[in-house]
Amino acid sequence: HPDLTPAPHALSRNRTHANSAQTPPDSRRDPPPPPQMQTLTASTSVSSIQRHRPRPAGRSSSVSFTARAVSSVPRAPSGAARAPAPSQFVRGADAKPLIAVPKAPAVERQEKKLNFFQRAAATALDAFEEGFVANVLERPHGLSRTVDPAVQIAGNFAPVGETPPVHALPVTGRIPPFINGVYARNGANPHFDPVAGHHLFDGDGMVHALRIRNGVAETYASRFTETERLQQERALGRPMFPKAIGELHGHSGIARLALFYARAACGLIDPSRGTGVANAGLVYFNGHLLAMSEDDIPYHVRVTDDGDLQTVGRYDFDGQLECPMIAHPKLDPATGELHALSYDVIKKPYLKYFYFAADGTKSADVEIPLDQPTMIHDFAITENYVVVPDHQVVFKLQEMLRGGSPVVLDKEKTSRFGVLPKCAADASEMVWVDVPDCFCFHLWNAWEEEETEEVVVIGSCMTPADSIFNESDECLESVLTEIRLNTRTGESTRRPILALSEQVNLEVGMVNSNLLGRKTRYAYLAVAEPWPKVSGFAKVDLATGELTKFEYGEGRFGGEPCFVPMDPAASRGEDDGYILTFVHDEAAGTSELLVVNAADMRLEATIQLPSRVPYGFHGTFVTGKELESQA
Ligand SMILES: [Fe+2]
């Protein structure tokens, strides 16, 4: 089944944001030029796609369906497939030096061979999709902002083509020599134009990687993670797998599910090889850089010697993992264990916990009994426990029969956290603590406090809880919060960490990963203002609420800040390290990587990137030592 599992991050509504925007010209459709080194000077059209036009009154619609007819039958060979061309190197008007950007080689599409029956079935199903699903069920009703591609992938949320490794990037300032490795960041980057609803989380995974060594920015590259889904769709020349959030709601969602199953039954697609997009998280574990979304098992992506990215394939931990895994597994810095969850939206058990020892050996699953399937995007670990949120955003597939979204806010349910020993054999040792009306999409850290016998959890509490998925008139708030769970009394308390006067939406970020699960003083979090854009990041003193902001400046936005800690043996303190983050200048159309000293929050270096980097999701830093030990 296609899991209805939303991937990460937020995009919903920003009341000050224009309601619709023109989608960018799709440079990915340009016929790919022959492989060659070419010097580029022209700027992209990014700035032009920022112009928003006013939205007509009412709920619908800036829907812009792709004009071309639906067709599952592979078209006649067209030579090169739509190999995405690399985006051009864009610099400010005063920029002189240019970087030679190798053009992407033409990727031959391996067209799927269909027999007579399959061709007939494909044609009939295409006619059903175009004539009934699209024309009767979808187009007349328009799309809400949360699934309107013209909103969801507008501006710098729009996808880019791949960029093969570009070497010797220009640097302003000085990159601290201790930063040695690859900063890799995941994101959603739809390969095909949406044909119906599309949510930001639905896009195909693309990893952007920047290799830094000895104070030099050696290479930048971006590549699609070659998921089974992407490869099958590429072979057919169009999207075929349902989009978990953008398409699977209401009656049209049921019809699209039926189409999906029918196409699978005819052998047009094979969902048994995985349906995930691998677009949300990245973790380096036991020699493998893993790209993850919670609707599938991870994909192994290898960083090559020349700084490129190569998808090795779906990675089931040598046959040990048989179910999807969430995109936020937790690496324990003391033990090297990787702790993870898996949730199921259809059948029990709805939730499982497991972990991998440092050598990759998987533990037995612990089935966690839940009354209903629940969206659990993230969790936390302490030294001895895992902390599992069981909140009010749940899956009710029957809501689709009533025309609604299957992702709903269950106001009758009481939010709670479960605290389970990491090595528990079953869920009988789990202690549940109610935390009413709490919804944390992400949790930044947790630790045990002996004096009070409490587990302290640091997360961002989001209201309305379902606003990422369902349109709402309320403004979204994401409040950095300390939640205290007393596992002895079953009581909880919560408090906002920032003073009311300082309140800003803080989403996506991290603590010093060498201290994950232990008491930390600082968290580094994106300032998600104006939502869903990120205008800077903040270093927050979790005890005092002191907030130190690093702002990107007018018209400049970024995403998750990645904290690269100093080697523990040489570290002078918890905040001894550097923040890496991609920033995009919307007027100039340029993208950069900033290196900021976390101790004093001063900019150390700016690395100019050869092409536009869309706003994305989560990243990680893979050290030079780890790169050498890749599988
Ligand atoms: Fe996430």
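Let's start with Phe617. Phe617 is buried, because 25 other C-beta atoms lie within 10 Å, and the cut-off for buried is 20 or more. Bear in mind that this is a predicted model. Where does Phe617 lie? Phe617 is in the loop between strand 36, residues 602-608, and strand 37, residues 619-623. Now look across to Val508. Phe617 and Val508 are 109 residues apart along the chain. Their C-alpha atoms are separated by 7.9 Å.

Val508 takes us to a histidine. Val508 is one of the residues that His442 touches.

Next, the annotation. Which residues does the UniProt "binding site" cover? The record, an unreviewed entry, lists His328, His377, His442 and His618. These four are spread over 291 residues of sequence. In space they cluster, and the largest C-alpha distance is 12.7 Å.

His377 sits in the loop between strand 17, residues 366-368, and strand 18, residues 380-381. Is His377 buried or exposed? His377 counts as buried, because it has 25 C-beta neighbours inside 10 Å. His442 is placed in strand 24. His442 also counts as buried, because 25 C-beta neighbours fall inside 10 Å. So much for the histidines.

Strand 24 brings us to the sheet. What is the strand order? The order is 24-25-26-27, in an open sheet of four strands with antiparallel pairing. Strand 24, residues 440-449, is an edge strand, and so is strand 27, residues 491-496. Each edge strand pairs on one side only. The twist from one strand to the next averages 25°. Strands of a sheet pair through backbone hydrogen bonds, either parallel or antiparallel.

Strand 26, residues 477-486, pairs with strand 27 in the antiparallel sense. How many bridges join them? There are six. To find one on screen, take Glu482, whose bridge partner in strand 27 is Arg495.

Last, the whole chain. The protein has five helices and 37 strands. Buried residues make up 52% of its 631 residues. Phe617 and Val508, 109 residues apart with C-alpha atoms separated by 7.9 Å, are a pair to keep on screen.

Methods: Residues numbered from 1 in each chain as written. Predicted model: local features only at pLDDT ≥ 70, side-chain atom pairs only at ≥ 80, totals over all residues. Pairing = 2+ DSSP bridges. Helix = DSSP H or I, 4+ residues; strand = E, 2+ residues; numbered from the N terminus. Axes fitted to C-alpha atoms, helices over the stretch in contact; angles between N-to-C directions. UniProt positions renumbered as here; feature names shortened; annotations may be inferred. Buried ≥ 20, exposed ≤ 12 C-beta atoms within 10 Å, placed from the backbone. Contact = placed C-beta atoms within 7 Å. Lists of a residue's contacts leave out its neighbours within four places in sequence.
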